[in-house]
Amino acid sequence: MNRPDFIKYTHSAEFREKLEQYEEAVSTGVQSYFDVDDLVDICEYFYNLRNEAEQAAKAARYCLSMYPDEDIALFILARVELTEHKDADEAMKYLEQVDDYMDNTEGVLIYAEVLLMRGQLDEALTEMQAEYDKLLRENEDIPEDSAFDTDDIEQDDAEDLKELTAEYPLDVAMLLCDYDHPVQAEQWMGKLNGIPQAKEFEYWETWGRINLATNRLEQAIEAINKALDEDSYSVITWLQLCDAQYQLGRIDDTLSNTEFILALDAKCEDAWSYRGCCMMENKRFQEARDCFNKVLEINPDNVRIHLLLAAISLEEGDTDTAMNGFNKAIFKSGLDPEVITDLGMLLYDMGFVDATYRLFKIIFSHFEQSGDIAGCPERMIRQLYLSCLELGKDDEAEYYKLFIPFSFGNNDNTLPNT
């Protein structure tokens, strides 16, 4: 069943009845009979449509209590370990419970994701290319349609194989986007022969992510809007649209879209964060503070919100409160370089270029002296480069430029996208 049909099915009385039956069985502990396909649908509903990974895992475990060898339930549990818990070892434990998992395309993709999480990009690309080559070979062995009996189940299998092969480059590109490899994702998108029939949403959403990651913001907005035409309930895609619009300075559009997101999910941290940032841009500081405090109500451990609250104090001229807030965020994060990067970029956006330069130079020097330049966030080095240029420190800028990988499509004389 393709995504649009599955979405329609999950809104049907038939599915809702089965979902209620499942939820009652879970809440009461009373065993109830379910067909395996119904439980798989419930797992995929929570995982692929609701983005509720833990609920999907719970449904998968319930499925396995009745059908211990159900591959899809094991695959979902492996994916949850990867996406939610960032635990490649636990994911492998579930994957290895599937007999000959490398003979299954889904198993190969999950194994490739394990490799990506372990930082083994080349190995992951090798495994995914090998699977694609295998699929292409298997397609060559499919006889002409006329060789099939119209009632022959083998014809259905052949059609499934053709569809799987047509969609596979997109599946790989989506996975590569998840692990911040937009260049390789774009290369895999180039292997597609048109838009996969059942995955128009995924196709446009992936192009949106690639364009967003490579700073092609207008193209990103165009692709994201096409994705939303296919699925207007996707909170993640609405957030991507907010990201692109905010970067382009379209504050009113971003603010308007946060209303759509919060109508879908009133507890969406990112939507409240974007809303607060828009209020800051419009100098509506108390409303911004209210939005950021709402985020902390939802998630008290959101360290970056303390940076934004401190920034409001800085905008209002309360330097002492701002500095205390910045220090709180940095130490609460355990001196996380990504949080320090957020701070420096925030200061840069607020016009404190020299403060950003001094902060990032200290952090870069720390990584340099420890022999771990690779551990220094790339976006920090990019911003340090830009700060040097703005401050007229051209020689330093050229030095830092040496440590910036170039983005897809740029030549040797072009600054990577920021």
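Predicted model: local features only at pLDDT ≥ 70, side-chain atom pairs only at ≥ 80, totals over all residues.

Q: How do the axes of H7 and H8 cross, and how close do they come?
A: The axes of H7 (residues 105–117) and H8 (residues 121–140) come within 8 Å and cross at roughly 165°. Angles over 145 degrees count as roughly antiparallel, so H7 is roughly antiparallel to H8.

Q: Is the crossing of H7 and H8 left-handed or right-handed?
A: H7 passes H8 in a left-handed crossing.

Q: Which residues of H7 and H8 meet?
A: From H7 come Thr105, Val108, Leu109, Tyr111, Ala112, Leu115 and Leu116. They meet Leu121, Glu123, Ala124, Glu127, Met128, Glu131 and Leu135 of H8. By class, this contact has 10 nonpolar, 1 polar and 3 charged residues.

Q: What is the crossing angle of H14 and H15, and why is the pair given its orientation term?
A: H14 (residues 251–264) and H15 (residues 269–281) have axes that cross at roughly 150° and come within 9 Å. H14 is therefore roughly antiparallel to H15, given the cut-off of 145 degrees. H14 passes H15 in a left-handed crossing.

Q: Which residues make the contact of H14 and H15?
A: H14 contributes Ile251, Thr254, Leu255, Thr258, Glu259, Ile261 and Leu262. H15 contributes Ala271, Trp272, Tyr274, Arg275, Cys278, Met279 and Glu281.

Q: How do the residues in the contact of H14 with H15 divide by class?
A: There are 9 nonpolar, 2 polar and 3 charged residues in the contact of H14 with H15.

Key: Residues numbered from 1 in each chain as written. Heavy atoms only, no water. Axes fitted to C-alpha atoms, helices over the stretch in contact; angles between N-to-C directions. Helix = DSSP H or I, 4+ residues; strand = E, 2+ residues; numbered from the N terminus. Parallel < 35°, antiparallel > 145°, perpendicular 65-115°, else oblique. Left-handed = near helix turned anticlockwise from the far one by under 90°. Contact = heavy atoms within 4.5 Å. Nonpolar A, V, L, I, M, F, W, Y, C, P; charged D, E, K, R; others polar.
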